[in-house]
Amino acid sequence: MRKYIPQMRPWFGDEEKDALVAYLESDGWMTEFLKTREFEAMIAAYVNASHVSVVANGTLSLSLALQALEVQHGDEVLVPDLTMVASANAVHAVGARPIFVDVDAANLCMDLHHAEALITDRTKAIMLVSLNGRSPDMAAFQELCACQGLALVEDAAQSLGSFHKGRHLGTFGVIGSFSFSAPKIITTGQGGCVVTDDEALAGKMRMIKDFGRTRSGVDHHEVMGYNYKFTDLQAVVGIEQMKRLSARVSRKKSIYRRYAENLEGVDGVQMVPTDLDEVAPWFIDVYVPDRDGLASHLAGQGIGTRVVYPPVHSQPAWSQPGSYPVSEDYSRRGLWLPSDSSLSDAEVDRVCGAIRAFFHV
Ligand SMILES: *Cc1c(COP(=O)(O)O)cnc(C)c1O
């Protein structure tokens, strides 16, 4: 057992090392090429989407989706108030305005009825975040968007390996986005991707991420574009991570189950209902009255934690007025416990023992 149990750490093995050495010996150009196409094909097959484009990170993938949908200055995009700040900042990056929406306590995702009430003539899209792999009634959001003529964009950064009624998250919207940053379910250090079944949007996104070119290396710029490209060096790592994704997903589920069983009946520890047949929880999230007290108690026992995101509207960078009671409540009480897929059962038990001691049970 490790003396210090971190809240999260990426998991690399000899496979990544060997694949990187083999790539370097192959005299590749490092930038995205055949290995990247192979990585994209693996993601497409796993999530069951027709088109996948990987980009430098999971914030640019969101901006790329909005750019392809021509969301721009003067437009509004509904974004949940409880999410990683990147969801809102990607809207800002394209010049549009995020409208924060409170979340539903049942799944901590955007509340459908609040969303509906906030739609205006300026609303162009709904950015639905499947926080921690959980999802709301996706058909209801699809229907709302269809009725109101809005684009449904899914920020599924935390949801690789998570499904809704058997369908992979990220594929309900017209475009879905994933992240491969260091703490995510699989990582390439940095990285993200967009997925879509819409061929025209897929082609447009491929152009935008490469300076608006129709073909790499040809300096004809069909649309306004930028450089969001990936590298084959990262793809080599991503391919090895994808090969073991199913094993990681089942480990994530069994870790969550072990925590839930261990903490069952501890008064004061709340967990969000999670259907482990569909959800691969990214982080183990618990909601407790004295969150900071528990965090420092665990720190004293060599156990790392991380507090759940502050409500986005309250971040100094945003400081927007408004009342978002559910987001505020869960944010104040939320703590992420050690969650990496390489956590052993004994380590989970040690964390749970320390939590029980804090609550004197
Ligand atoms: C991680 C994350 C992002 C940002 O992804 P990066 O790859 O770090 O840019 C966006 N949205 C959510 C919900 C995330 O968890």
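Colleague: In what order do the strands of the open sheet of 3 strands stand, and is their pairing parallel or antiparallel?

Modeller: This is a predicted model, in which local features need pLDDT of at least 70 and side-chain atom pairs count only at pLDDT 80 or more, while totals for chains, interfaces and linings use all residues. Residues are numbered from 1 along each chain as its sequence is written, and side-chain values use heavy atoms, with hydrogens and water left out.

The open sheet of 3 strands has the order E10-E12-E11, and its pairing is antiparallel (strands are DSSP runs of E with at least two residues, helices runs of H or I with at least four, numbered from the N terminus; two strands pair if DSSP finds at least two bridges between them). At its edges are strand E10 (284-287) and strand E11 (306-307), each of which pairs on one side only. E11 is joined to strand E12 (residues 334-337) by 2 bridges, the two running antiparallel, and arginine 306 has tryptophan 336 in E12 as its bridge partner. Across E10 and E12 lies helix H9 (residues 245-263), which runs at about 25 degrees to E10 (axes are lines fitted to C-alpha atoms, for helices over the stretch in contact, with angles from 0 to 180 degrees between N-to-C directions; contact means heavy atoms within 4.5 Å).

Turning to the other open sheet, 7 strands stand in the order E1-E9-E8-E5-E4-E2-E3, with mixed pairing. Strand E1 (51-55) and strand E3 (97-101) are at the edges with a single partner strand each, so one side of each is left without a neighbour in the sheet. On average, neighbouring strands of this sheet are turned by 25 degrees against each other, direction ignored. Further in, strand E5 (residues 151-155) and strand E8 (residues 175-179) run parallel and are joined by 3 bridges, and glutamate 154 stands opposite glycine 176 in E8. Helix H7 (residues 199-208) lies across E1, E8 and strand E9 (192-196), running at about 20 degrees to E1.

Around the ligand there are 16 residues, of which Gly58, Thr59, Asp155, Ser179 and Lys184 come nearest (a residue is near if one of its heavy atoms lies within 4 Å). Among the polar contacts (pairs of N or O atoms within 3.5 Å), a polar side-chain atom of serine 179 is 2.7 Å from a ligand oxygen atom, and one of lysine 184 is 3.2 Å from a ligand oxygen atom. The ligand taken alone exposes 380 Å², of which the protein buries 92% (areas come from the Shrake-Rupley method with a 1.4 Å probe).

Terms used
A polar contact is a pair of N or O atoms within 3.5 Å; within protein, one must be able to donate a hydrogen and the other to accept it, and residues adjacent in sequence count only if both atoms are side-chain atoms.
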